[in-house]
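Subject: Structure handover

Hello,

Here is the structure you were waiting for. Please open it alongside this email. My notes follow below.

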Amino acid sequence: MIIDYIYILKQKTMQTTNLFAKTTTKTAAPKKADKKILPAIELGDKIGRYSDLKQQIEALTGELKMIEGDIKTKGKEVFLQEYKKQKSTPDSFKLKDSAGGTCLFIVMDKYTSVDDDKAALLGQFEGLLGENVVYKFNAELVEKYGAILSDLIVSSPDIAEEDKGNLISGEKTYSVAKGSIDRLLQFENPEQVFELINPICALKK
């Protein structure tokens, strides 16, 4: 009897100590009630037309972006060909497709933003990297030493030495140097440099 009782206790212990064996069924979230629908008969079929037109515009916008990307890719290719042929920056030119459609292709001396990684790459090519440092007062320290700033900051003995260097902070930003588009042939691989500086291109009818 004692042995049987001990065996039953062991069985109960084994059944309750396996935490992973305990599972719960996830309760389904209650279904949200449908929004009330109210009539607006005066609108006629405008709501339906609105939905249809919105879908058409979204579809056409996606197609437009794809086509625009293809045109710009080809335009850059033609631009580089002309660049090498005339050994100078080409003016804006028109592209003409097989169906006779034309559009103006423009390459500007303006460039997309430059982050630290891209700045490191641009720095490998002489003259392509532009740097701009904006100096500004540290607002917290200006408020802290506002009464003293009328005197010469650097020579003032009232400002802690460790704070003097922090009164003005500098924020450095990078950019592609102006005129980089006109210097492609100065480099061994103009195509690589063109892709790196990534000038802004535009299409016009």
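Three strands make an open sheet, ordered E1-E2-E5, with antiparallel pairing. Strands pair here if DSSP finds at least two bridges between them. Strands themselves (E, at least two residues) and helices (H or I, at least four) are DSSP runs, numbered from the N terminus. Strands E1 (93–96) and E5 (199–204) stand at the edges with a single partner strand each, so one side of each has no neighbour in the sheet. From one strand to the next, the twist averages 35 degrees. That angle is taken between N-to-C directions and can run from 0 to 180 degrees; the axes are lines fitted to C-alpha atoms, for helices over the stretch in contact.

Before you go further: this is a predicted model, in which local features need pLDDT of at least 70 and side-chain atom pairs count only at pLDDT 80 or more, while totals for chains, interfaces and linings use all residues. Residues are numbered from 1 along each chain as its sequence is written, and side-chain values use heavy atoms, with hydrogens and water left out.

Strand pairing

E1 and E2 run antiparallel and are joined by four bridges. One of the bridge pairs is Lys-96 with Thr-102 in E2. The two strands form a hairpin with five residues between them. In the turn, Gly-100 has a positive phi of about 95 degrees. As background, strands of a sheet pair through backbone hydrogen bonds, either parallel or antiparallel.

Is Lys-94 buried or exposed? Lys-94 is exposed, at 56% relative accessible area. The cut-offs are under 20% for buried and over 50% for exposed, with partly exposed in between (1.4 Å probe, protein chains only). Lys-94 sits in strand E1. Its C-alpha is 4.3 Å from that of Leu-104, ten residues away in sequence. Leaving out residues up to four places away, Lys-94 touches Cys-103 and Leu-104. Contact means heavy atoms within 4.5 Å.

Ser-180 lies in the loop between E4 and H6. Ser-180 is buried, with a relative accessible area of 1%. Which residues does Ser-180 contact, neighbours within four places aside? They are Asp-109, Tyr-111, Gly-127, Leu-128 and Ile-197.

Cores

The largest nonpolar core has 23 residues. Such a core is a set of buried Ala, Val, Leu, Ile, Met, Phe, Trp, Tyr and Cys residues joined through side-chain atoms within 4.5 Å. Phe-79, Ile-181, Leu-184 and Ile-197 have the most contacts inside the largest core. H2, E1, E2, helix H3 (116–122) and H6 each give two or more residues to this core. Phe-79 touches Thr-89, Pro-90, Phe-93, Phe-105, Val-107, Ile-181 and Phe-194, not counting residues up to four places away in sequence. A second, separate core has five residues, among them Tyr-145, Ile-148, Ile-159 and Leu-167.

Salt bridges

How many salt bridges does the structure hold? There are five. Each one puts a side-chain nitrogen of Lys or Arg within 4 Å of a carboxyl oxygen of Asp or Glu. Three are worth a look in the viewer.

- Glu-82 and Lys-85 meet at 3.4 Å, N to O. They are three residues apart in helix H2 (residues 46–86), so about one helical turn separates them. Glu-82 is partly exposed at 25% relative accessible area. Lys-85 is exposed at 65%.

- Lys-84 and Glu-191 meet at 2.0 Å, N to O. This pair links distant parts of the chain, 107 residues apart: Lys-84 is in helix H2 and Glu-191 in helix H6 (residues 190–197). Both ends are partly exposed, with Lys-84 at 37% and Glu-191 at 33%.

- Lys-172 bridges to Glu-131, with the closest N and O atoms 3.5 Å apart. Lys-172 lies in strand E4 (residues 168–176) and Glu-131 in strand E3 (residues 129–137), so the pair ties together parts 41 residues apart in sequence. Lys-172 is partly exposed, at 44% relative accessibility.

Best wishes
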